[in-house]
Every structure is written in C-alpha cells, then in structure tokens.
Amino acid sequence: MTTTCKRSFTTFCAFIFMLSIIVACQSSNQGQQNSPATARLQIVTTLFTLYDFARTIGADRADVTLLLPPGVEAHSFEPRPEDAIKTLKAGLFVYTSKQMEPWAEKFVSGLGARNLTVVDASRGVTLQPASQHQHEDVREKPREHNHAKLPDKHGHDHHHNHGHKQAMDPHIWLDPENAGIMVDNIASAMAEKDPANAVIYNANAAALKQKLAQLDDDYQKGLSNCRTRTVMHGGHYAFGYLVRRYNLRYEAAVSVNADAEPTPARMVELVKQVKKSGVQYIFSEEMVSPRLTEAIANEAGVKVLSLHNLHNVSKEEMKAGTDYITMMRRNLEKLQTGLECR
C-alpha cells in the first residue's frame with residue numbers, strides 16, 4: 001500500500017470514528033438547539049478573519065465560534081470530534097473556500113445536519129494563481145503528528161493543491177476589496193437564516209464595508225510613494241492578493257505550500273535577489289516560524305519585519321479583542337517601514 005493510500009485509509013477510519021461520536025451525541029444536541037441559551041443565531045467559522053467578520057455583523061444577535069484554536073497555524077489544523085459537535089449545534093458553518101480548507105466540505109457533509117447552512121465566503125471572488133512562477137526547487141518538510149488531533153488528512157490534496165501548475169492562491173482576505181465580498185456573503189447568509197434580524201445584520205455589514213473601503217484607501221495612499229516596491233518574504237506565498245492590489249512586486253521563498261521549504265539553491269537565489277534589490281528589510285510571517293527568513297536576512301545583511309497573515313491570532317491577541325482592521329493597519333505600517341514609504 002502506498003503512503004498516500006495508507007494516509008487515505010487512516011483518514012477514513014478517523015472520519016468514521018468521529019461520526020460515531022457525533023451520532024452518540026446528536027440526540028442531546030438537538031435538544032440543546034431549542035433551548036433559550038441557544039436562541040441566538042449560532043455560527044461556526046474556520047479562520048479568524050471569518051470569525052471577526054461574523055461577530056461584527058452579528059453583534060449581540062449571534063454567537064460565533066472559531067474552530068481554529070488561538071495560536072494554531074491554520075495550515076496544520078485538523079477538525080476534531082468536538083468541532084463536529086459544535087458544528088451540529090450551529091445554524092451556519094462559514095469557511096473560506098475549498099482551496100483554503102479542502103477538508104471542510106467532507107467534514108460538513110459527514111455530519112448529516114439538515115438544518116445547517118454552509119457558506120463559502122469566497123463566492124464571487126476572482127481567484128489568482130498561487131504565484132507568478134511556481135518554484136520547483138522546493139522540498140516538503142517532514143510532517144509532525146499532533147496526537148491531540150485526528151490523523152493527517154492533508155496528503156497531496158491539502159495545502160491548496162500545491163505543486164499543480166494551476167494551483168490557486170486561497171489567501172483572498174488580504175485584499176480589502178475581496179474582504180468586502182466575503183462580508184456580503186456572510187451577511188446574506190445570516191439574514192436569510194435569521195430574517196427577524198436581517199436589518200441589523202445588513203446595517204452592521206454596511207458599516208464594516210465602509211471601514212474596509214477606508215482601509216483600502218489608506219493602503220493606496222500609504223504605499224503610493226515608496227523607495228522600493230518589492231516585498232521580499234522568507235516564507236510561503238501568502239501575500240499575493242495584497243501586493244497585487246497595491247501594485248507591488250513580490251518574491252517569496254516558496255509557493256503557497258506552507259509545508260514546503262526552499263532548497264539550498266532557492267535560498268542562495270533569494271539572498272542574491274535581496275542584495276540586488278537594495279531593500280533593507282525582508283518580511284517574515286506571524287504564526288509561522290521565522291527561521292528561514294532570519295537565515296536569509298543574516299546572509300543578506302538586512303533586517304526582519306513581520307506581517308500578519310490573519311489566518312489566526314495568538315491567545316494574547318484573541319484575549320485583547322484584536323480585529324481584522326487593526327491587524328491590517330499594523331501590516332500597512334510594517335510595509336511602509338520595510339518599503340521606505342513617505
């Protein structure tokens with residue numbers, strides 16, 4: 001049996017095990033759905049950005065749950081049996097896309113929850129290629145198993161179909177215009193699911209979109225006059241939508257695959273690019289180890305600045321109540337510093 005087949009078989013067994021737990025709990029869950037404690041619209045989201053948008057739109061009329069535990073890197077997340085139970089209690093399940101969470105559709109369909117509305121937040125967004133040039137000189141890192149989670153489902157089908165020539169970049173939320181489309185999709189589903197509060201949801205969504213429009217305008221102005229327009233990134237290709245939106249150039253160490261690392265040849269190439277570009281900073285990525293970025297920075301003699309990918313937030317950030325707008329403004333400040341903008 002090949003490695004892929006073994007992984008698929010293990011995944012199938014884990015999925016059946018998860019469903020057996022769900023079936024055992026489903027009767028009690030149905031009763032909880034009708035209790036006063038759950039009278040408000042119950043929403044389950046996969047990533048932090050979706051969670052933040054949904055809680056902003058819902059305000060005090062909805063309870064929003066984030067499946068991704070604070071501090072966990074999104075690319076390594078696997079849904080757990082307790083996540084299935086949370087989702088069974090919900091009226092809405094919101095995910096980014098099949099490119100970002102390829103496990104989502106199978107996860108939800110396996111629940112058999114007839115009253116659950118599934119929201120693909122990417123509907124209406126034009127997906128972009130994973131990178132302008134797919135780097136072939138990358139190698140996949142060994143996978144580390146987290147025994148607190150279900151066995152690995154990723155295989156070669158996860159990480160956004162990495163390695164295929166037509167792979168698409170799933171990090172759509174880093175473009176504020178795309179974020180506005182996502183807000184519309186979430187608000188529309190909430191209003192349809194809970195028409196009694198539709199006016200409130202739509203009003204909150206409109207207010208959020210105004211903030212996104214202002215954020216977009218601030219980025220346009222803030223990045224209009226910079227000494228360099230090249231964003232050098234020592235991680236995976238996560239900021240493609242952001243740089244395209246603001247007419248920047250982008251060089252990442254590897255393509256979209258967060259489970260890949262550059263070969264020595266690619267590292268040497270990137271160091272040469274950093275030196276040739278004349279940039280003073282190379283960017284790392286929050287929630288991802290900065291080891292590669294720091295190695296490139298040391299070799300090239302430049303400094304490191306971190307950008308937030310907004311997949312997830314740390315426990316401290318979640319406790320402090322941080323939000324999408326705040327973190328995107330911090331990214332703007334970092335970009336202005338790193339690109340030496342006036």
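This briefing walks through the salt bridges of the structure above. The model is a predicted one, and it holds 14 salt bridges. Side chains of opposite charge can pair when their charged atoms come close.

**Linking a strand to a loop**
- Aspartate 63 and arginine 40 form a salt bridge, with 2.4 Å between their closest N and O atoms.
- Because aspartate 63 sits in strand β2 (residues 62-66) and arginine 40 in the loop between α1 (3-33) and β1 (41-45), this pair ties together parts that are 23 residues apart in sequence.
- Aspartate 63 is partly exposed at 22% relative accessibility, and arginine 40 is partly exposed at 39%.

**Within one helix**
- Aspartate 52 pairs with arginine 55 in a salt bridge whose closest N and O atoms are 3.0 Å apart.
- Both residues belong to helix α2 (residues 48-58), where being three residues apart separates them by about one helical turn.
- Aspartate 52 is buried, at 4% relative accessibility, whereas arginine 55 is partly exposed at 25%.

- Lysine 209 forms a salt bridge with aspartate 184, and their closest N and O atoms lie 2.8 Å apart.

How values were computed
Residues numbered from 1 in each chain as written. Predicted model: local features only at pLDDT ≥ 70, side-chain atom pairs only at ≥ 80, totals over all residues. Heavy atoms only, no water. Salt bridge = Lys/Arg side-chain N within 4 Å of Asp/Glu carboxyl O. Helix = DSSP H or I, 4+ residues; strand = E, 2+ residues; numbered from the N terminus. Buried < 20%, exposed > 50% of the residue type's maximum accessible area, 1.4 Å probe, protein only.
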